[in-house]
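Hi,

Here is the model I said I'd pass along.

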Amino acid sequence: MKFGIHAGLWMDRWTQDPAPLFDRAAALGFDAVELSLLGIGPEQAARLRQAAADAGVALSCSTGLGPEADPASADPEVRHHARETLARAIETVAALGSSRLAGVVAAPWGQFDPAHKSDRAKRSGETLGQMQAHLAQHGVTLGIEALNRFETDILSTTRQACEVVDAVDNPGFKLMLDTFHMNMEERSIPDAIRMAGDRIVHFQANENHRGHPGTGHIDWTAVMRALAQVNYAGP
């Protein structure tokens, strides 16, 4: 398992250059840095890849899709834009020398339409499934994140995320777990981790109040034990 830190901890906007932060992360003892692709494209990848290598940290990537690129939309043009946006993100991840892309890719933050929830979930799964060839071409695994019920109405629990991953049935599709969301949605975070098993490709460790581990009420010993039990080896 690699211990990383999100570059966003030290950034006040996504367009800020994260390269100077790599040495800081390495000096603190971190193995990896997570980059949000909301402010990074392929044109910056070579420079950031070299900066990370010089600092001795690995890179992992996350992203989110906005309403204009909603994979669950009833509008074919919006779904097409979602595929284009994901394709660019996948290419950026590969150019950065990483193999993991995770985040809010099932539906945009804050989108709620409960009357059409099942149709939206179906379209989202179909849209993501169409990215299989692009993921395989670039050697990237996509981790689908489950958000708490106050941020989405499509994918909120680990079980729901597992069902999507299993439905796509492709090694390029896994899931990302975040203890901040799990704290609200799971009866037991360790049990949810064990249920997810080898589907987990990325794990974000936040306290119940979004702070760093040890400052809230999450049982980190139980969380780490569960990750060890499923042989999780990612960041």
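Below is what turned up, going from the sheet to the salt bridges and then the surface.

A bit of housekeeping: this is a predicted model, so local features need pLDDT of at least 70 and side-chain atom pairs count only at pLDDT 80 or more, while totals for chains, interfaces and linings use all residues. Residues are numbered from 1 along each chain as its sequence is written, and side-chain values use heavy atoms, with hydrogens and water left out.

**The sheet**

Let's begin with the strands. There is an open sheet of seven strands, ordered 1-2-3-4-5-6-7 and paired in parallel. Strands here, like helices, are DSSP runs numbered from the N terminus (E, at least two residues, for strands; H or I, at least four, for helices), and two strands pair if DSSP finds at least two bridges between them. Strand 1 and strand 7 are the edges, each pairing on one side only. From one strand to the next, the twist averages 25°; the axes behind that angle are lines fitted to C-alpha atoms (for helices, over the stretch in contact), and angles run from 0 to 180 degrees between N-to-C directions. As background, strands of a sheet pair through backbone hydrogen bonds, either parallel or antiparallel.

Strand 3 (residues 58–64) runs parallel to strand 4, with four bridges between them, and Cys61 has Leu101 in strand 4 as its bridge partner. Strand 4 (residues 100–104) is largely enclosed by the rest of the structure, because four of its five residues are buried. By "buried" I mean under 20% relative accessible area; exposed is over 50%, and partly exposed is in between (1.4 Å probe, protein chains only). Cys61 itself is buried, at 0% relative accessibility.

Over at the other pairing, strand 6 (residues 173–178) and strand 7 are also parallel, again over four bridges. There, Asp178 stands opposite Gln204 in strand 7.

**Salt bridges**

How many salt bridges does a search of the whole structure find? The count is nine, taking a salt bridge as a side-chain nitrogen of Lys or Arg within 4 Å of a carboxyl oxygen of Asp or Glu. Here are three of them.

- Arg47 and Asp17 form a salt bridge with their closest N and O atoms 3.2 Å apart. Arg47 is in helix 2 (residues 42–55) and Asp17 in the loop between strand 1 (4–6) and helix 1 (19–27), so the pair ties together parts 30 residues apart in sequence. Arg47 is partly exposed at 44% relative accessibility, and Asp17 is partly exposed at 35%.
- Asp166 and Arg199 form another, with the closest N and O atoms 3.0 Å apart. This pair also links distant parts of the chain: Asp166 sits in helix 6 (residues 158–168) and Arg199 in the loop between helix 8 (189–196) and strand 7 (200–204), 33 residues apart. Asp166 is partly exposed, with a relative accessible area of 43%.
- Asp191 and Arg194 meet at 2.7 Å, N to O. They are three residues apart in helix 8, so about one helical turn separates them. Asp191 comes out partly exposed at 44%, as does Arg194 at 38%.

Ala196 also lies in helix 8, but this residue is buried, with a relative accessible area of 0%.

Met1, Phe3 and Met224 form a nonpolar surface patch, with about 270 Å² of accessible area together. Patches are made of residues with over 30% relative accessible area and no salt bridge; like charges are joined within 9 Å and nonpolar side chains (Val, Leu, Ile, Met, Phe, Trp, Tyr) within 5 Å. The areas come from the Shrake-Rupley method with a 1.4 Å probe, and for residues only the protein chains shown count as cover. Phe3 is in the segment before strand 1 and is partly exposed at 47%. Lys2 is in the segment before strand 1 as well, partly exposed at 44% relative accessibility.

Cheers
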